[in-house]
Each structure stands twice: as C-alpha cells, then as structure tokens.
Amino acid sequence: MHYQTESWNSYLPTKPPTTDSLQLILRLAAENAVVIFSKSTCCMCHSIKRLFSGMGVNATVYELDEDPREKEMEKALIRLLGSSSAVPVVFIGGKLVGAMDRVMASHINGTLVPLLKEAGAIWL
Amino acid sequence: MNSTSTQFVPSRRMGLCEPMPQVGMWNDYKENNCMHTSQPVILEVDSRFDNQSEDTSHGTVGPSNKYDQEENKPVDKVMRRLAQNREAARKCRLRKKAYVQQLENSKLRLMQLEQELERARHQGSYIGGGLDTGQLGYSGTTNPGIATFEMEYGHWVEEQNKKIADLRNALYSDIGDVELGIFVDGGMRHYFDLFAMKATAARADVFYLMSGTWKTSAEHFLSWIGGFRPSELLKVLMPHLEPLTEQRRLELSNLRQSCQQAEDALSQGLEKLHQILSETVADGQLGEGNYLPQISAAMEKLEAMVRFVGQADHLRQETLLQISRNLTTRQTARGLLALGEYFQRLRALSSLWASRPRGSA
C-alpha cells in the first residue's frame, strides 16, 4: 500500500512544476562539468554512472530520492524531457544531453567524447 | 397429403438461409460444438418437415388440395409462419457468425502450432528423445503478443534468407552503387524491423524475449541481452570490410571500444537489477506466508527489464547506423552480407547440433 500511495501522489492534481524548480535543475546542472540526475534505486541510472566512470569522468550525481526537493525536481525533469521517467538525465557543460538513449547514441556516433573534452571532464 | 406438402415446403424455408449442408453444420455447432455433418442434417431438416406438415394438417378446414391449403390459411397463421422464418433466419445468421469465428480461432491455433513445431525442430531436444513440444513450448503460446511475435519472427528469418541471397547476387554482379544502395537500405531496415518487433514483444513478455527460446540455441548462447553483442559484431565484420584506410580502421576501432563501454555499462546496470530484485523478494520475514508487499514491490523492479532490452536493441541499431556512415555502399553491402551469413551459419550449427547422433540413452 505504501508504494501505491507514493505513485498516486504524483498523479493527483498538485502544483505544476514552477519555473523555480526548472531554474533549480538548470542551476545545479551548470555548477559542474558533468551532472547526472539519478535515483539510488534506479538501475538504468546505475548504468549511466558506470558508463561515465568507465570513461574516467568524475560526474556530479544528484540522487533525487535522497533530496528533500525530490518531487519538484522530478516534475521539472519530466517536463524538460517530455518523457514519463525523470531519471537518469545528463547535463554536460551546463547543457542538456538527455536520457540514456541520447547518451548512448552520442557515444556511438562519436559526439560524446568531444563534448566531454570541451567541458573539461576528460583530457587526452 | 403429407407427401405433397413436404414437397412444397423446403424451397420456401431454404430461401432464407444458405443451402442445406451448411445449415446443418451451424445447427450442430450450436448444439454440440463440433462439426460433424451428414446425419444430423437430415434429422434437422426432417423434423422441420414434420413441423410443417403438422401445421398444415391442423388448422385447415378447406379442401385437401395443396394449392387451396396455401391460399386459405388464416392470416394469423401466415404471420406466425413469417415470424418463425425471421427468427430462424436470425438464428441461422448467428450460428454462421459463430462458426466463422471458430474457424478463425482454429486457423490461428494452427499457425501457432506450426510455429512451435518449427521452433522445436530448430532447437532440437534438450531433454533427449523426441520433439516433445509440451516441454519445449514456452508459455508464449498462451500469450497472443508472443504468439504474434513467434509467427512474425518466422517470417522475418525467411525474408532475411531471401535478402541475403539477393545481396550476394547484387554484390557479385555488375550493378552500380545506387542500385546496390537499395539492397543495402533494405537490409538495414530489415534489422530495424526486427528491433521494432522485439520492442512490442518485450511489452507483452520481456522474460520470454530474454530467455531466447525464439532463437536457435547457438544464437542464444552467443547473445547478450536478447541479441547480438555490437562489439562482437564489429570483430566479425572487420576482415570483410577490407581494404580500409588507416583513418577508417581507426574510426571502426574507436567504435568498437565505445560499444564495449556501452555494453559494460548496461551489463552492470542489469546486474544491479538482479541484486535489487533478489533483495526485494527476500525482504522481510521469509516463512510467514504473507508476501504480497514483497511481490508487489518486485513487480515495479521487473518493469526495468523492458528498458534494458530496449536500450540493448537501441545500441545495436545505433551501431549498425554508425558502421554504415563510415563506409562506402559497397563496403556496407559486404558487411551486411557477412553479418547475414554469420547468423545463417549459427542457425545451421544449431540444427546440426540438434540432429547429432546421441550416445546410448
């Protein structure tokens, strides 16, 4: 029942994501070269963290479920991505890269590494 | 008297429905759900004849001549007969509809069985002995989404074999790059079609997709998260793409490394899911007999499986696209041919393995 009410809460008409919560996300995203919004229980988030650490990138991770501002951040991310799952979301150099799809695609097509270099997240 | 009226009735009754034999079948379907025919047909029709003759012999007071009988029937009897006819026609139509529905279901069931048999032939028997489809058949046959997938995948493989043959002919003929490009595009899109089919099947039953029972045994043994491993694919293809410039070779080598990193990341995420699932199910007091909360929590975790299978296929698609971006049409064509034949060989290996002579049982 506990889990049930948790998920219901997000469907009830509550405050829409304010520009404040979006600003919060963007501000946090701009503070470091690589920023990952994640949840400690999310396995896809674990994958994305592993991908970056495997490339030698020291990413800043915000675990939403360990943050008091979870709900508003979640709503802002869902709004930003236009998808049903808020995490994982990656920002590089303050700019939105996207969710797992986009990160994978950009790694395969060779655009991820230059982006990381430009943001100073990796050298060589 | 009876004989003359029975002669007259059939043509009027029959005009409302289809010819006799089929009417009998629908009647049978309604009565005992089977499709035996001849005997019951006669009985049914005979009983109608009997009813009719009963009607005519009951209420009439006029002359015994058949024409006079028809014309002098009271109006309400005519109305009654018309109503009965309408009712019979309506029932007739309903029975026909039910019969057709049953035919459609049987047809679907037949296709499913054929697919199972085909698959069982590919897989051989792990248990030893005959093709016991009861043991090999996954629960997929009770899931319409999976039954559809199995059927579509069977067609996909047939189509794939044709495409490979066409591509081979095209490569070894004189055709120009533009025409060759058409075969290449077709080949690439065919793989993308498979990924789309798998996405739909994953929503129906992701475990089925992961179990690999829809693939041949050798293919499944070499697979990673429900399909080929992109980095391994590149290793298989590289020799067939020669001659390559140093630039291209470097690009492909980098691509292979990127694939490996992406694969490792997804594999580790899946391992984490494995661990979390185990913890979720084992949570709380084992042995109390009340485990609904744990099972409900685990359901949520299982949804993540669908995402992983999706990401793996997405990685495969992106890799194929990236390979084609770096190469000429002719090189891509050779690559696709090599890839196609690689899987054909794996399928052939599976068949051969399945049909190898066993030792003493």
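Is B:R330 buried, partly exposed or exposed? B:R330 counts as partly exposed, at 27% relative accessibility; here buried is under 20% relative accessible area, exposed is over 50%, and partly exposed is in between (1.4 Å probe, protein chains only). The views below come from a predicted model, where local features need pLDDT of at least 70 and side-chain atom pairs count only at pLDDT 80 or more, while totals for chains, interfaces and linings use all residues. Residues are numbered from 1 along each chain as its sequence is written, chains are lettered from A and ligands numbered from 1 in the order in which they are written, and side-chain values use heavy atoms, with hydrogens and water left out.

**View 1. B:D177 and B:R330 in a salt bridge.** The closest N and O atoms of this pair are 3.6 Å apart (a salt bridge is a side-chain nitrogen of Lys or Arg within 4 Å of a carboxyl oxygen of Asp or Glu). B:D177 sits in helix α8 (residues 177–211) of chain B and B:R330 in helix α13 (residues 329–354) of chain B, so the pair ties together parts that are 153 residues apart in sequence. Helices here are DSSP runs (H or I, at least four residues), numbered from the N terminus. B:D177 is partly exposed too, with a relative accessible area of 43%.

**View 2. B:E263 meets B:R229.** This salt bridge comes in at 3.1 Å, N to O. B:E263 belongs to helix α11 (residues 246–282) of chain B, and B:R229 to the loop between α9 (217–221) and α10 (230–241) of chain B, so parts that are 34 residues apart in sequence get tied together. B:E263 is buried, at 1% relative accessibility, whereas B:R229 is partly exposed at 25%.

View 3. B:R248 is partly exposed at 29% relative accessibility, and B:E251 is partly exposed at 23%. Elsewhere, salt bridges with shared partners link B:E159, B:K162 and B:K163 into one network. Over all chains, the whole structure has 17 salt bridges.

**View 4. Where chain A touches chain B.** Here 22 residues of chain A are in contact with 23 residues of chain B (contact means heavy atoms within 4.5 Å). The two chains bury about 1,900 Å² between them, 63% of it on carbon and sulfur atoms; buried area is the accessible area (1.4 Å probe) that two parts lose on being put together, summed over both. On the chain A side, A:C43, A:M44 and A:I108 lose the most area to chain B, together 32% of what that side buries. Between chain A and chain B there are zero salt bridges. α3 (43–54) and α5 (100–108) of chain A each supply at least two residues to the side that touches chain B, and α3(A) gives the most, with seven.

**View 5. Stretches of chain B with pLDDT under 50.** Chain B averages a pLDDT of 80, and 73% of the residues score at least 70; pLDDT is the predictor's confidence in each residue, from 0 to 100. Residues 1–24 of chain B stay under 50, and residues 31–65 of chain B are also below 50. Where pLDDT is low, the predicted coordinates should not be read in detail.
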